Amino acid sequence: MACPSPALLWFRQDLRLADNPALAAAAERPLLPVYVLDDAAAGRWAPGGAARWWLHHSLAALAGALAARGAPLLLVRGRAEIVIPALADAIGADEVLAGRLYEPWARERDARVAEALKAAGRSLRLVTSTLLREPPTVMSGSGKPYTVYGPFAKSMAVRGEPEPPQPATDRLHPVPGAPTGDRLADWHLLPQPPIPDWAAEFGTIWTPGEAGAQARLTRFLAGSVRDYAVNRNLPGIEGSSGLSPHLRWGEVSPRQVWHAVREAIPGDVEAAQPFLAEILWREFSYHLLWHRPEMPEAALRERFAPFPFAPDAALLRAWQRGRTGIPVVDAGMRQLWRHGWMHNRVRMIAASLLVKQLLQPWQAGASWFWDTLVDADLASNSASWQWIAGSGTDASPYFRVFNPVLQGEKFDLKGAYVRRFVPELARLPKRWLHRPWEAPEAVLREAGIVLGRDYPAPVVLPEEGRRRALDAFARLRVEW
Ligand code: FAD
């Protein structure tokens with residue numbers, strides 16, 4: 001029997017071996033696994049600082065796993081439309097296999113790669129790897145894309161359970177004489193001296209890579225999954241899965257997560273629903289990005305575009321640094337800086353304060369998140385910011401303004417979250433913790449706080465900010 005022709009396996013956002021359809025399709029052939037660092041194609045949306053920290057460690061883990069199975073990972077930096085066809089040519093691969101990407105820049109790049117391969121008589125085969133279903137296959141009865149989450153989620157349910165995940169292949173067949181690539185360390189994805197190591201604490205929270213993803217999933221299934229519906233809103237405890245960066249880099253697939261949760265709560269379809277609904281929010285974000293590629297930059301509701309934001313560098317900086325004087329927001333922004341991640345409830349409160357009470361453009365907040373989140377994901381980040389700002393297709397109405405004090409008191413009732421990330425307030429009694437500016441002088445003194453010295457006075461009082469936001473909205477004259 002003739003030896004099957006070699007394949008080039010192009011890893012992108014599916015940095016795993018199990019349930020990897022591109023790998024499964026190439027596993028019986030001699031293969032060359034490759035990762036291409038192509039910042040030029042991604043441009044503005046090249047991974048930010050925190051995501052690069054993650055990528056470094058995730059690639060190290062993937063390289064180790066592939067080497068153990070006999071097919072080492074090749075690392076190459078450059079334009080994919082040049083690198084990929086050249087590698088395919090060098091190893092005589094007739095096909096390049098990869099998981100499909102949905103970011104507008106990646107779609108354009110894949111079209112260029114496919115064209116270059118085609119010109120040489122080769123092909124690019126893209127398979128579904130990072131989503132449950134391809135966005136164009138989930139359309140409304142009238143053949144249109146969905147704009148509202150509820151009907152989208154229903155439509156996903158009608159299509160039935162996702163396919164079961166596939167196990168990893170134990171043994172791979174390397175191509176003989178594979179080219180030599182870069183050393184991961186030379187890509188400088190980690191913070192480099194003399195810049196202080198802002199990621200120093202990340203490793204205490206996260207273990208990037210497929211094994212780390214499985215460990216995180218196992219921990220979630222053994223613990224928080226059952227009380228997820230209530231505890232997911234409490235930032236002071238580990239009430240959610242913490243799987244977002246692992247999903248972002250495809251170290252675990254959504255269908256692996258989906259089926260693992262189903263099996264962990266057998267027979268109780270309803271109990272799994274609140275969590276699975278979030279997996280569908282992720283799908284919905286990709287659905288929106290696919291059909292509205294302008295989403296990362298421009299308001300999805302066109303009538304929202306002229307919103308009178310009032311950019312102010314000092315306010316933006318206070319927010320970024322966790323120095324707004326609003327404790328729950330500052331705790332969130334400092335968690336983000338220290339861990340590269342922020343609790344979902346607090347993301348909503350912090351984002352709402354920025355775009356509503358402080359009238360800063362949502363793009364400025366999204367951009368900061370892009371650089372500081374290890375799970376920074378173009379679809380989920382842009383969709384979530386537009387949802388908060390009120391400019392999304394299925395957005396929280398603009399006139400619904402979160403009160404960060406009441407939100408803090410409701411979801412961080414005992415103050416564990418604020419005390420952890422804003423230690424200068426740790427001695428403040430619960431009653432004043434989320435509103436230190438209202439605390440009597442004697443209470444502040446007792447807690448060792450002088451407002452404006454040890455902790456900032458609020459950049460805006462919630463009610464005053466709310467009025468300002470509603471005035472700005474009234475000027476826009478958008479009907480809800
Ligand atoms: P869980 O509650 O355990 O949820 C499970 C998974 O579902 C998550 O890992 C994530 O993949 C997905 N998910 C959960 N909530 C959402 C949501 N609202 N939208 C889309 N997917 C969701 N999520 C990102 O993955 N990347 C981002 O860049 C991102 N930016 C955000 C920006 C703002 C302003 C807001 C309000 C939310 C953002 N989210 C983003 C969504 C959400 O906050 C995170 O997915 C979640 O906090 C991750 O924690 P977890 O893994 O414990 O989530």
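## Getting started

Helices (H or I, at least four residues) and strands (E, at least two) are DSSP runs, numbered from the N terminus. Counted that way, the chain has 22 helices and six strands. Its radius of gyration, taken over C-alpha atoms, is 24 Å, close to the 23 Å from the globule rule (2.2 Å times the number of residues to the power 0.38) for 480 residues, so the chain is as compact as a globular protein of that length. Along the principal axes, the C-alpha trace spans about 85 × 50 × 50 Å.

What you're looking at is a predicted model: local features need pLDDT of at least 70, side-chain atom pairs count only at pLDDT 80 or more, and totals for chains, interfaces and linings use all residues. Residues are numbered from 1 along each chain as its sequence is written.

Most residues other than glycine have a negative phi, and most peptide bonds are trans. D19 isn't a glycine, yet it has a positive phi of about 45°. You'll find D19 in the loop between β1 (7–11) and α1 (21–26).

Then there's the cis peptide bond joining P193 and P194, with omega about 10°. P194 sits in the loop between β6 (173–174) and α7 (202–205).

## The annotated domain

The unreviewed UniProt entry annotates residues 5–132 as "domain: Photolyase/cryptochrome alpha/beta". UniProt positions are in the numbering used here, feature names are shortened, and annotations may be inferred rather than shown by experiment. The span is 45% helix and 21% strand, and its end C-alpha atoms lie 30 Å apart.

## Around the ligand

There are 27 residues around the ligand (C-beta atom, placed from the backbone, within 6 Å of it), and S240, S241, N344, N381 and S384 come nearest. Elements giving two or more residues to this shell are α10 (244–248), α12 (269–291), α15 (344–357) and α17 (378–389).

By class, the shell has eleven nonpolar, nine polar and seven charged residues. Here Ala, Val, Leu, Ile, Met, Phe, Trp, Tyr, Cys and Pro count as nonpolar, Asp, Glu, Lys and Arg as charged, and the others, Gly among them, as polar.

## How helices pack

Helix α11 (residues 254–264) and α12 have axes that come within 10 Å and cross at roughly 170°. Axes are lines fitted to C-alpha atoms, for helices over the stretch in contact, and angles run from 0 to 180 degrees between N-to-C directions. The two helices are therefore roughly antiparallel (over 145 degrees). P254, V257, W258, V261 and R262 of α11 meet A272, F275, L276, I279 and R282 of α12 (contact: C-beta atoms, placed from the backbone, within 7 Å). That contact has eight nonpolar, no polar and two charged residues.

Helix α14 (residues 327–339) and helix α18 (residues 404–411) pack at about 75°, their axes 8 Å apart. That makes α14 roughly perpendicular (65 to 115 degrees) to α18. Here P327, V328 and V329 in α14 meet P404, Q407 and G408 in α18.

Notes
Parallel < 35°, antiparallel > 145°, perpendicular 65-115°, else oblique. Contact = placed C-beta atoms within 7 Å.
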